[in-house]
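Hi,

Here's the structure I promised to pass along. Have a look, and then read on for my notes.

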Amino acid sequence: MDHFYRDSWVEINLDHVEYNIKQLAAHIGEDKGIYAVVKANAYGHGYAQVAQAALNAGASALAVAFLDEALHLRKAGIQAAILVLGATRPKDAAIAADHDISLTFYRKDWLEAVRAEQFRKPLQLHMKLDTGMGRLGFRTVDDIRSVLPLLDTPSLILEGVYTHFATADEADLSYFERQRSKFDELFKVLREEWPDPVIVHTENSAASMRFAADESDFVRFGIGMYGLYPSKTVKEEHPIALRQAFSLHSRLVHVKQLEAHEAVSYGATYETDKPEWIGTLPIGYADGWIRKMQGFEVLVDGKRMPIVGRVCMDQCMVKLDKAYPVGTEVVLIGSQLDAFISVDEVADWVDTINYEIPCLIGARMPRVYKRSGQIVETDNALNPGESL
Ligand SMILES: Cc1ncc(COP(=O)(O)O)c(C=O)c1O
């Protein structure tokens, strides 16, 4: 088991990841497969651990943004199908083929360049259609007609076709419906002009939770797998129950009483008005616990206590209701006794979306993986491997 030498850590509840996958699988039915979206270190939760938990729970494949992420999963021993959703350089396509990693394509010149590469194994490709996201994808019927002949070569296999929705999590579904119609129009041409079957996947978490009747073969399940709803609208609709997998923990490393009118941290922005107990936590903005967290609360002894003074690069201070021993556990995200701080609440405080919060908690922060309340693995990116 890896070790870490610092009193701040992330905990990932793998039972919750599995629960969320099972909830979605039951909701969408057996006919549809699930791509577990594990890009960006599984939204900050940990690539291999989440990927394995998702596969255990019934996901059939994985999706990442970049080829490096897919190769990382292969090195970790993951053998399931992996799709790269983002851009890959044509000269790197052969590496993907060697490792049975499927790539996305969305430009004709990319296909032309890839056809000129040498492959030991055929390369599996997914055609991305831009139906209104305005990011990557072919946009017209003519685009599709002009690229299909380039796929007619033994080194390339058209495995899938997909699109991505921009507003599937919103209350107003008019733009979503327009994207769907556009997809139907483009896909019809593909179906008419391409003889082989291809797998279709259009739905992200929001669309898969809300519109399970869609005809696609796979859904791409990201934020919901981590136990977070893609928007307040979807959270209120509550199409399925989800359990937050991510929590953030620390310990008091210093506790002291300040006199009245003493200041805390850079800029001396916080001043005590009477004698106060101040605790120091070894976590700061370099860990993704950003400066905007000043004024937010953490849990100590199951009670909310405010973060006072500016958040430093590696530390921050909290105002305590009494003296607590050094080593007392503090929960920054998650539950402690009967209290709970959700990822959503943190996102609201810093005026962003829940997706961003676990992604912000960087590689310096060790990850601890739990099942049935027990630690099953720890991951310290700074000092991987066995104890020193
Ligand atoms: C192409 C694509 N598919 C699926 C997802 C997963 O979306 P969500 O996390 O909302 O389920 C993403 C995430 O950004 C994406 O870019």
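Below is what turned up, starting with the overall layout and moving on to the ligand and the annotated sites.

Keep in mind that this is a predicted model. The protein splits into domain 1, covering 14-225, and domain 2, covering 246-341. Their C-alpha centres are 42 Å apart.

Now the ligand. The space it takes up is the largest pocket. Around the ligand you'll find Val37, Lys39, Tyr43, Leu85, Arg135, His164, Asn204, Ser205, Arg220, Gly222, Ile223 and Tyr355. Sorted by class, that shell comes to five nonpolar, four polar and three charged residues.

- Ser205 has a polar side-chain atom 2.5 Å from a ligand oxygen.
- Tyr43 places a side-chain N or O atom 2.6 Å from a ligand oxygen.
- Arg135 has a polar side-chain atom 3.0 Å from a ligand oxygen.

On its own the ligand would expose 390 Å², and the protein buries 92% of that.

One last thing, about the annotation. Which residues does UniProt mark as "active site"? The entry, which is unreviewed, gives Lys39 and Tyr266. These span 228 residues in sequence, and the farthest two C-alpha atoms are 35.6 Å apart, so the annotated residues do not all gather at one spot. Of these residues, Lys39 is included in the lining of the largest pocket. Lys39 is also one of the residues around the ligand.

Cheers

Conventions. Residues numbered from 1 in each chain as written. Predicted model: local features only at pLDDT ≥ 70, side-chain atom pairs only at ≥ 80, totals over all residues. Heavy atoms only, no water. Domains from an automatic or database assignment. Near = heavy atom within 4 Å. Polar contact = N/O pair within 3.5 Å; in protein donor to acceptor, adjacent residues only side chain to side chain. Areas by Shrake-Rupley, 256 points an atom, 1.4 Å probe, with all protein chains shown as cover. 1 Å grid on protein atoms, 1.4 Å probe; cavity = no way out; pocket = protein on both sides within 12 Å on 5 of 7 lines; lining within 4 Å. Sits in = over half its atoms within 2 Å of the grid points. Nonpolar A, V, L, I, M, F, W, Y, C, P; charged D, E, K, R; others polar. UniProt positions renumbered as here; feature names shortened; annotations may be inferred.
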